[in-house]
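Please find below my notes on this chain, written for someone who has not looked at it before. They go from the whole chain to single elements and residues.

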Amino acid sequence: MKPSAFDYVRPLSLDEAMEQLAIDPFESKVLSGGQSLIPMMNFRLARPERLIDINRVPGLEGIVPGQDRVTIGARTRHLAVQNTGLQGPLGSLLRTAAAQVGHLPIRTRGTFGGSIAHCDAASEWCLVARLLDAEMTVRSTRGERTIPAADFFQAIFTTAMEPDEILTSISLPALDDHHVTGIAEFARRAGDFAIVAATAAVKIEDGVVTRARVCLGGVSEVPWRSQAAESALLGSAWSAGAVAEAAAAAADEVDPPSDSHGDADYRRDLVRALLPRALNTAGAGS
Ligand SMILES: Cc1cc2nc3c(=O)[nH]c(=O)nc-3n(C[C@H](O)[C@H](O)[C@H](O)COP(=O)(O)OP(=O)(O)OC[C@H]3O[C@@H](n4cnc5c(N)ncnc54)[C@H](O)[C@@H]3O)c2cc1C
């Protein structure tokens with residue numbers, strides 16, 4: 001199918017983009033990489049009357065490391081994240097996650113911020129953002145605000161952004177070298193969205209876990225921070241056994257959906273298997 005008719009504008013500045021979006025926000029959509037929006041329009045699952053193409057707006061791309069936080073421009077392509085030279089546990093997590101986003105053509109065009117604005121619970125970037133308590137900066141003609149990840153992801157394909165707001169950047173904590181990070185996922189075909197994905201960032205000092213973050217995808221409508229897994233890890237001596245216990249706690253905690261890709265028990269089994277893989281302790285004994 002082809003999309004229904006729409007008007008197309010290609011602003012050359014953020015101010016112009018915000019003004020264009022403010023004209024008719026409920027009938028307009030921001031176009032970034034187009035890797036989710038255009039298929040949805042072709043299937044007529046989305047019928048915006050106006051597209052505001054932000055691809056010529058300056059200042060929305062790039063990864064900027066700071067003292068405590070790293071800022072990623074919303075229009076930064078998945079491939080640029082995959083190729084980032086950012087050092088340390090955060091750089092490693094970003095590269096590993098990016099490599100699992102779709103296929104090369106999708107990574108070439110699709111964007112970090114587009115994924116987050118789209119809000120698919122299995123998207124790697126939504127998981128990483130929720131894992132690391134990212135802060136999303138959004139702008140409109142009414143001003144700028146920053147939304148923490150805990151409030152941002154509200155339901156499937158639903159965020160806390162208002163229709164007239166443009167996501168401009170996402171900030172993540174710069175993780176120090178005491179952190180171990182990783183992401184592991186299972187999909188039936190390479191490049192598909194994960195049926196279940198697990199990502200974690202664990203801080204280890206003198207062999208003891210002093211901070212634990214665990215986030216799961218494919219088990220609920222939005223990325224799921226597993227408090228059970230985080231509590232199990234916190235204060236424990238770092239070991240494969242501790243990670244396996246945390247994975248079991250996470251699997252008991254979640255209440256996943258059943259659908260054609262897998263039932264709830266299957267997804268719980270995947271949680272149990274994937275968290276140790278994310279932290280590279282699978283098969284390492286206890
Ligand atoms: C075959 C296929 C496989 C894929 N596999 C994966 C996968 O494994 N993992 C994964 O994470 N993704 C996957 N994707 C989706 C891909 O990552 C998209 O790039 C991403 O979901 C959306 O980013 P985009 O820049 O293309 O956004 P667009 O398609 O341009 O926009 C998506 C939505 O976000 C809104 N939006 C975009 N940018 C902004 C902004 N700056 N401010 C406000 N709203 C905005 C749009 O209005 C629209 O509603 C796949 C896509 C395809 C076609």
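What percentage of the 286 residues in the protein chain do buried residues make up?

1. Buried residues make up 51% of the 286 residues in the protein chain, where buried means under 20% relative accessible area, exposed over 50%, and partly exposed in between, with a 1.4 Å probe and protein chains only. This is a predicted model, in which local features need pLDDT of at least 70 and side-chain atom pairs count only at pLDDT 80 or more, while totals for chains, interfaces and linings use all residues. Residues are numbered from 1 along each chain as its sequence is written, and side-chain values use heavy atoms, with hydrogens and water left out.

2. The secondary structure of the protein chain comes to 11 helices and 14 strands; helices (H or I, at least four residues) and strands (E, at least two) are DSSP runs, numbered from the N terminus. The radius of gyration is 19 Å, close to the 19 Å that the globule rule gives for 286 residues, so the chain is as compact as a globular protein of that length. That radius is taken over C-alpha atoms, and the rule is 2.2 Å times the number of residues to the power 0.38. Along the principal axes, the C-alpha atoms fill a box of roughly 60 × 45 × 30 Å.

3. The protein chain is divided into domain 1 (7-53), domain 2 (63-173) and domain 3 (179-280), with bounds that come from an automatic or database domain assignment. The centres of domain 1 and domain 3, taken over C-alpha atoms, are separated by 35 Å.

4. An open sheet is formed by four strands in the order β11-β12-β13-β14, with antiparallel pairing; two strands pair if DSSP finds at least two bridges between them. At the edges are β11 (179-186) and β14 (224-225), each of which pairs on one side only. Between β11 and strand β12 (residues 196-205) the antiparallel pairing runs over eight bridges, and H179 has K203 in β12 as its bridge partner.

5. Lying across β11, β12 and β13 (208-217) is helix α11 (residues 264-278), which runs at about 145° to β11. Here axes are lines fitted to C-alpha atoms, for helices over the stretch in contact, and angles run from 0 to 180 degrees between N-to-C directions.

6. T281 has its place in the segment after α11 and is buried, with a relative accessible area of 10%. Leaving aside neighbours within four places in sequence, T281 is in contact (heavy atoms within 4.5 Å) with W238, A240, V243 and P276. The C-alpha atoms of T281 and S239 are separated by 7.7 Å, although these residues are 42 residues apart along the chain.

7. Helix α7 (residues 124-131) is mostly covered, eight of its eight residues being buried; among them are W125, R130 and L131. Just after α7, D133 takes a positive phi of about 50°.

8. In the loop between α4 (88-98) and α5 (104-109) one finds A99, which counts as partly exposed at 38% relative accessibility. With neighbours within four places in sequence left aside, A99 is in contact with Q82 and R107. A99 and T146 are 47 residues apart in sequence and 28 Å apart in space, C-alpha to C-alpha.
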